[in-house]
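Subject: Structure handover

Hi,

Here is the structure I said I would pass on.

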Amino acid sequence: MSVSLNEVTCILGGKTILEKVSFRLGEGEKAALVGENGSGKSTILKIMNGIISVDYGEVSKPKNITIGYLPQEDVVDTSHTLKEELLNVFDDLISAETELRELERQMAEVSPDSKEFERISHRYDFLQHEMIRRGGYSIESDVGRITAGLGFSTADLRKPCREFSGGWQMRILLAKLLLRNPNVLLLDEPTNHLDLESILWLEDWIRNSPSSVLMVSHERAFMDNLVGRIFEIHRGALSVYKGNYSSYLIQREDRYEQMRRAWENQQQMINQMRRFIDKNRADKYRAGQVQSRIKQLEKMEELPLPPSHKAIRFSFPQPDRGNREVVELEHCEKSYGDKKVLKRFDLTIYRDERVALVGLNGVGKSTLMRLLSGVERPTHGKRRMGTQISPAFFSQYQHDDLNPDKTVLDSMYDRAPLDVSANVRDLLGAFLFSGDDVNKKVSVLSGGEKTRLRLARMLYCKANLLLMDEPTNHLDVASRATLEKALQQYAGTLVFVSHDRVFMDRLANKVLEIHNGTIRHYPGNFTDYMRAKERGIADGVIDSAPFLVSDGKIMFSGSLSSPVIEETGNKSRQAKKTKEEKRLEARRRNELSRKKTPLQKEIKFLEGAIHKSESRIEEIEILLTKPDVYSDPGKCSELVNERKASQKQMEQDMALWEKKNKELEQALNDFGC
């Protein structure tokens with residue numbers, strides 16, 4: 001089912017947001033809306049969902065189409081548990097299943113030749129088809145699959161929705177949307193509150209979904225891997241580009257270059273005609289030529305000036321050269337009450353390193369950043385800062401370092417040295433604060449505007465160690481690209497957290513993954529990290545990494561890096577394993593294999609049994625819709641009983657499957673995997 005906008009114009013607050021916008025989102029198509037902040041991307045999604053009415057034009061969509069919309073911000077304010085809230089999505093299907101059971105009872109009691117039986121069977125047939133079409137027989141498994149993919153734990157399913165934080169609230173909304181499985185999905189920044197693992201899972205879900213999808217996203221890899229068309233909004237007008245986001249960037253520059261040349265040629269022609277008119281206006285012999293050119297100018301439709309995209313333009317001050325060992329955490333642990341976030345580890349950040357921290361939400365990435373910055377102390381262990389090291393910490397939760405009562409301009413003057421204070425307005429302009437924007441109070445700024453203001457203030461700090469926790473949050477694509485370029489030119493040491501894969505690929509030369517409280521080291525950028533994990537999984541390496549962890553020491557092994565041990569005192573040396581160390585490692589691998597292999601076999605067997613039960617249930621549902629089956633009460637009753645038995649067996653197998661997976665996870669945790 002397709003949705004189209006035809007010559008749509010939308011005026012909000014006296015300002016024309018969209019002007020004569022037309023496009024069609026085809027059945028099953030995946031497309032993205034791009035444009036500067038405030039260009040009208042979210043407005044288009046709201047128009048398609050019926051939240052905003054158009055002033056002119058038409059929105060065309062089939063009557064029976066289902067549309068799901070994910071806004072940028074919303075909350076689920078209910079006392080329902082997560083599982084209850086998600087099951088509410090299927091209220092009509094649960095009612096349909098109850099009605100089916102009642103219809104089965106009625107069919108067994110009336111004559112197959114009666115009109116009443118015919119009426120009941122028609123209703124039964126309709127409900128069966130609806131249940132199969134919408135996956136009504138796999139509700140529980142769908143809830144488990146989608147919540148797990150979005151990062152919820154089994155315990156979270158019993159937690160009231162209103163107790164989840166803002167980011168997790170958005171995940172609940174996304175889970176409900178995916179469970180509804182509408183014909184059309186409208187997603188406004190779906191990855192904003194997701195960690196990398198959840199982004200990758202969502203990417204795979206959308207790729208395999210039959211739904212049409214129109215998304216607004218600042219995650220370039222997400223768009224590159226999913227979309228086949230780009231709709232660009234600029235100054236109220238819409239342009240369509242075929243291909244993914246990277247292809248769009250190339251096509252856009254080619255198109256703008258052609259537009260610039262055509263505009264320049266026309267301007268040259270106009271200037272020549274005007275000079276001719278001015279020069280020969282009083283010459284009666286050339287009066288005809290003058291009039292001809294005047295008419296030409298009057299009839300000429302001037303080409304528009306090619307679009308110019310605003311983006312942050314800046315460079316970090318080049319820092320002084322500091323000590324080789326920039327910051328060291330020795331024998332460190334970090335706990336909050338009884339919860340141990342980071343197990344004992346040694347970590348040294350060296351000069352010129354560009355380190356990306358990755359891992360699930362809540363595993364301790366921000367905690368490690370605060371330990372490195374000195375904002376928090378380790379529960380055990382020591383932090384040492386190298387000599388001549390000047391750090392600057394950009395925290396994703398530190399908007400409170402801005403005075404809400406001050407204006408944007410005054411906030412900058414607070415940080416600017418006297419000798420450069422005259423250039424504050426120019427710098428703010430580079431960060432997209434122009435005109436009256438500089439007089440806005442900090443209290444009314446959006447999250448993205450606060451991020452840009454904090455980055456601008458950071459430029460006055462000549463640091464040789466930048467610690468940046470999610471600096472790309474709330475930045476548009478162009479601003480992320482410009483921040484990338486500035487950091488690529490920065491000569492200091494960088495440690496950062498980001499879920500933007502392109503950002504990590506272009507900046508990182510080392511990746512630290514936090515998993516179950518343990519820090520794992522991977523040389524290279526994000527793509528190298530993913531390849532290392534894939535190779536580890538393919539080779540059956542439980543750690544999925546070219547290293548071993550022993551007594552808090554991180555040891556590299558394999559072909560990605562020369563063997564290195566991070567030791568107390570910041571000294572690195574070639575790792576030479578003794579016979580005893582090799583013997584202990586071999587014994588450890590054998591013990592793990594003895595526990596792991598039987599569990600993996602049981603899990604695989606159970607998955608096959610569950611799949612077999614699901615297939616048989618579907619076969620029975622189809623058989624029950626056939627006249628020659630439902631007209632035979634004996635056969636119908638036999639199939640209904642078989643279906644109940646298959647459903648019961650499948651539920652038992654799924655419970656056992658979950659138990660064995662937990663046992664496997666515990667075994668891996670016990671061995672530090």
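Arg235 sits in the loop between β8 (229–234) and β9 (237–242); the helices (H or I, at least four residues) and strands (E, at least two) are DSSP runs, numbered from the N terminus. Before going on, a word on the source: this is a predicted model, where local features need pLDDT of at least 70 and side-chain atom pairs count only at pLDDT 80 or more, while totals for chains, interfaces and linings use all residues. Residues are numbered from 1 along each chain as its sequence is written, and side-chain values use heavy atoms, with hydrogens and water left out.

Back to Arg235: its phi is near 55°, a positive value in a residue other than glycine. Why mention that? Because most residues other than glycine have a negative phi. Arg235 is exposed, with a relative accessible area of 64%. For the wording, buried means under 20% relative accessible area, exposed over 50%, and partly exposed in between (1.4 Å probe, protein chains only).

Glu189 also has a positive phi, of about 55°, and is not a glycine. Glu189 is found in the loop between β6 (184–188) and α7 (196–208), and it is buried, at 6% relative accessible area.

Now the charged pairs. The structure holds 40 salt bridges, each being a side-chain nitrogen of Lys or Arg within 4 Å of a carboxyl oxygen of Asp or Glu.

One of them links Glu257 to Arg260, with the closest N and O atoms 3.2 Å apart. Both residues lie in helix α9 (residues 245–280), three residues apart, or about one turn of the helix. Glu257 is partly exposed at 31% relative accessible area, and Arg260 is partly exposed at 28%.

Another pairs Lys334 with Glu376, where the closest N and O atoms are 3.4 Å apart. Lys334 lies in strand β10 (residues 325–336) and Glu376 in the loop between α11 (365–373) and β13 (380–385), so this pair ties together parts that are 42 residues apart in sequence. Lys334 is buried, with a relative accessible area of 9%.

Glu376 also forms a salt bridge with Arg370, and there the closest N and O atoms are 2.6 Å apart. Elsewhere, salt bridges with shared partners join Glu203, Asp204, Arg207, Glu219 and Arg501 into one network.

Cheers
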